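Q: I'd like to learn how to read a fold like this one. Can we go through it together, starting from a single residue?

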Amino acid sequence: MWTNSIAIYDDRIEIANPGIFPSQITPESIKEPHESYPYNLKIAEALYKSTYLESWGSGAKRIMDACREQGVEEPSWRWDGGFVTVTFERPNKKASEAISEDTPLNYRPSSKGNSLYE
């Protein structure tokens, strides 16, 4: 049985989901406005009526909007025959933000007021 996976790399984050694109959508066209093509209409309708789905065919657009709001590059999608994978490129850190060799492995930068311990 295939499962979803999340892979975190230095330069990107990849989220893979077993499945295929509907025949009407390609990795290149998913960023364009499109209809929704649910595989199981009854489950999709139940999720929509329970408000777990905001609107049909809006997922890719909402992902891209969220990336723009955060000032990061839009993700890319690909299909390898068994998995649909969305890749988020990680922003490059400025030289002033780089972590030195002396920084502990568990270091997590935080700004004042955002720490649980302040």
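A: Let's start with Thr87, which is found in strand β4; strands (E, at least two residues) and helices (H or I, at least four) are DSSP runs, numbered from the N terminus. Keep in mind that this is a predicted model, where local features need pLDDT of at least 70, side-chain atom pairs count only at pLDDT 80 or more, and totals for chains, interfaces and linings use all residues. Residues are numbered from 1 along each chain as its sequence is written, and side-chain values use heavy atoms, leaving out hydrogens and water.

Q: Is Thr87 buried or exposed?

A: Buried means under 20% relative accessible area, exposed over 50%, and partly exposed in between (1.4 Å probe, protein chains only). Thr87 has a relative accessible area of 5%, so it counts as buried.

Q: Which residues is Thr87 in contact with?

A: Contact means heavy atoms within 4.5 Å. Setting aside neighbours within four places in sequence, Thr87 touches Arg12, Ile13, Glu14, Pro75, Ser76 and Arg78. With Arg78 there is also a side-chain to side-chain polar contact at 3.3 Å. A polar contact is a pair of N or O atoms within 3.5 Å; within protein, one must be able to donate a hydrogen and the other to accept it, and residues adjacent in sequence count only if both atoms are side-chain atoms.

Q: How do I read the strand pairing, and which strand does β2 pair with over seven bridges?

A: Two strands pair if DSSP finds at least two bridges between them. β2 pairs with β4 in the antiparallel sense over those seven bridges, and Arg12 has Glu89 in β4 as its bridge partner. β2 (residues 12-18) also pairs with β1 (residues 5-8), again antiparallel, over four bridges. A hairpin of three residues joins β1 to β2, and Ile8 stands opposite Ile13 in β2.

Q: Which residues make up the largest nonpolar core?

A: A nonpolar core is a set of buried Ala, Val, Leu, Ile, Met, Phe, Trp, Tyr and Cys residues joined through side-chain atoms within 4.5 Å. Here the largest one has eight: Phe21, Ile25, Ile30, Ala60, Met64, Trp77, Val84 and Val86. As for Met64, its contacts beyond four places in sequence are Lys31, Glu74, Pro75 and Trp77.

Q: And how do the elements of the chain run from the N terminus on?

A: They go β-β-α-α-β-β, with two helices and four strands. Buried residues make up 15% of the 118 residues.
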